[in-house]
Amino acid sequence: MPALCRDCFTEVHDTRRCPSCGGMQIVRHDELFDLSIAHMDCDAFYASVEKRDNPELADKPVIIGGGHRGVVSTACYVARIRGVRSAMPMFQAMKLCPDAVVVKPRMEVYAETSRKIRALMDELTPSVEPLSLDEAFMDLTGTEKLHGAPPAVMLARLVKRMKDEIGVTGSIGLSHNKFLAKVASDLDKPQGFAVIGKAETDDFLRDKPVRLIWGVGPAAQESLDRAGIHTFSDLLRWDQQELADRFGSMGFRLWHLARGQDSRKISARAPVKSISKETTFFEDTSSLDVLDGHIWRLSEQVADRAKAKSKAGRVVVLKLKRANFSLISRRVSLRDATQMADTIYATARGLFDQVGNEGPYRLIGVGISDIVDESAADLSGDLLDPQAAQRRKAERATDSIRARFGKDAIQKGRGIRR
């Protein structure tokens, strides 16, 4: 059976210890050197960066989040052993792990670290499809002649370089399509390297829970449970048309994934689907002044991100979470796509006015979706608001001043309210 030492990248035979370096990180698989679709997932990325930058945190439970009223962004594996999970309310996380060190997110640092990791991946293949700051698909088909080594070897070198040069670790999933590569990357975390080959696909999936499917959240899981579908074996008993009749377009996807089939290509230019920002309050609030101030600041942040990406959105979205954690979501389509904070704010505030008396709220979010290029943004005027064009011009001027003197050089009064 083909085998590889992940410490020195030597191809080894059936042995527990590498004869070249004595290492014991050996990955074995019949198809190890034949597969080329990979998913790399950093291990507790935000927490790993914090531990890298502050060695005193190395052996301590670390939670990235903030405030008693916030939620967990991520947690290191020490904290995860205690039951802490991403998106868990902070008060609950602290009950499970009272000795945890809580660190506020430093998104600029994480983004810079992510760019360094992306540069390493780009050296392997031009076919890199990022999913977020800390994970990406890679298609290494045809790269063996370029690198003089099969994809498995190059992937082992990648995660070793990440650890040695950048100071963060990652896990690799290697398979014959995107679905199975992503599943594999989660099988052996942290610092794992898992392989799912073509020949074993059916046997591997048969008794696995359907929650392995990326995108099957609680609501979808509940629908599948009602249909008696808990495992991939359950899915295999359904006809394709029956699944489509019951679950719509998702049914066709389920039919194919149940058989380990995924024809999606890895796209280095995957489109941006939405841009959003949200905040969780330290105390539930129904204050119109406070909420309005947050709507403006969030709209401004969304606009800044859209402008940085040269994008605009045709749909504005407002998200509210009540004190009992129930969600309210409202959206409206615009006549023109926009990247202007003024337009996003006015639209989001109008959506809020429709539901504003249903508080108090613990979270508020603003976003845009149906993303297009900025060349299609803000093309026509507003007959009902003749001052809109003047405000857009003022906003562009403000952007220029902030770019030169810093983001706090100019602030609107409504943005100062807390």
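What follows is a short exchange about a predicted model of one protein chain.

Colleague: How many helices and strands are in the chain, and what share of its residues count as buried?

Modeller: The chain has 16 helices and 15 strands. It runs to 418 residues. Of these, the share that counts as buried is 45%.

Colleague: What percentage of the contacts with a separation of 6 or more comes from residues 24 or more positions apart?

Modeller: Take the contacts in the chain with a separation of 6 or more. Residues 24 or more positions apart account for 63%.

Colleague: How are α4 and α6 oriented to each other?

Modeller: The axes of α4 (residues 107-124) and α6 come within 10 Å. They cross at roughly 150 degrees. Angles over 145 degrees count as roughly antiparallel, so α4 and α6 are roughly antiparallel.

Colleague: Which residues of α6 make the contact with α4?

Modeller: α4 passes α6 in a right-handed crossing. From α4 come Thr-113, Lys-116, Ile-117, Leu-120, Met-121, Glu-123 and Leu-124. By class, the contact has eight nonpolar, one polar and four charged residues. The α6 side is Met-154, Leu-158, Arg-161, Met-162, Glu-165 and Ile-166.

Colleague: Which residues does Ile-117 contact, leaving aside neighbours within four places in sequence?

Modeller: Ile-117 is among the core residues with the most contacts. It also belongs to the α4 side of the contact with α6. Its partners are Met-40, Cys-42, Phe-45, Met-162, Ile-166 and Val-168.

Colleague: How are α1 and α4 oriented to each other?

Modeller: α1 (residues 45-53) and α4 pack with their axes 10 Å apart. In α1, Phe-45, Tyr-46, Val-49, Glu-50, Arg-52 and Asp-53 meet residues of α4 that include Thr-113 and Ile-117. The contact divides into seven nonpolar, two polar and three charged residues. The angle is about 95 degrees, so the helices are roughly perpendicular.

Colleague: Is Ser-299 buried or exposed?

Modeller: Ser-299 lies in helix α13 (residues 288-308). It touches Ala-341, Ile-344, Tyr-345, Ala-348 and Val-366, not counting residues up to four places away in sequence. Its relative accessible area is 0%, so Ser-299 is buried.

Colleague: How are α13 and α14 oriented to each other?

Modeller: α13 and α14 (residues 341-355) pack with their axes 8 Å apart. Their crossing is right-handed. The contact has eleven nonpolar, one polar and four charged residues. The angle is about 140 degrees, so the two helices are oblique.

Colleague: Is Arg-335 buried or exposed?

Modeller: Arg-335 is found in strand β14 (residues 327-338). Its C-alpha is 9.2 Å from that of Val-315, which is 20 residues apart in sequence. At 63% relative accessible area, Arg-335 is exposed.

Colleague: Where is Ala-87, and what is its phi?

Modeller: Ala-87 sits in the loop between α2 and α3. It counts as exposed, at 58% relative accessibility. Most residues other than glycine have a negative phi. Ala-87 is not a glycine, yet its phi is positive, at about 75 degrees.

Notes:
Residues are numbered from 1 along each chain as its sequence is written. This is a predicted model: local features need pLDDT of at least 70, side-chain atom pairs count only at pLDDT 80 or more; totals for chains, interfaces and linings use all residues. Side-chain values use heavy atoms; hydrogens and water are left out. Helices (H or I, at least four residues) and strands (E, at least two) are DSSP runs, numbered from the N terminus. Buried means under 20% relative accessible area, exposed over 50%, partly exposed in between (1.4 Å probe, protein chains only). Contact means heavy atoms within 4.5 Å. Axes are lines fitted to C-alpha atoms, for helices over the stretch in contact, and angles run from 0 to 180 degrees between N-to-C directions. Angles under 35 degrees count as roughly parallel, over 145 as roughly antiparallel, 65 to 115 as roughly perpendicular and the rest as oblique. A crossing is left-handed if the near helix is turned anticlockwise from the far one by less than a right angle, and right-handed if clockwise. Ala, Val, Leu, Ile, Met, Phe, Trp, Tyr, Cys and Pro count as nonpolar, Asp, Glu, Lys and Arg as charged, and the others, Gly among them, as polar. A nonpolar core is a set of buried Ala, Val, Leu, Ile, Met, Phe, Trp, Tyr and Cys residues joined through side-chain atoms within 4.5 Å.
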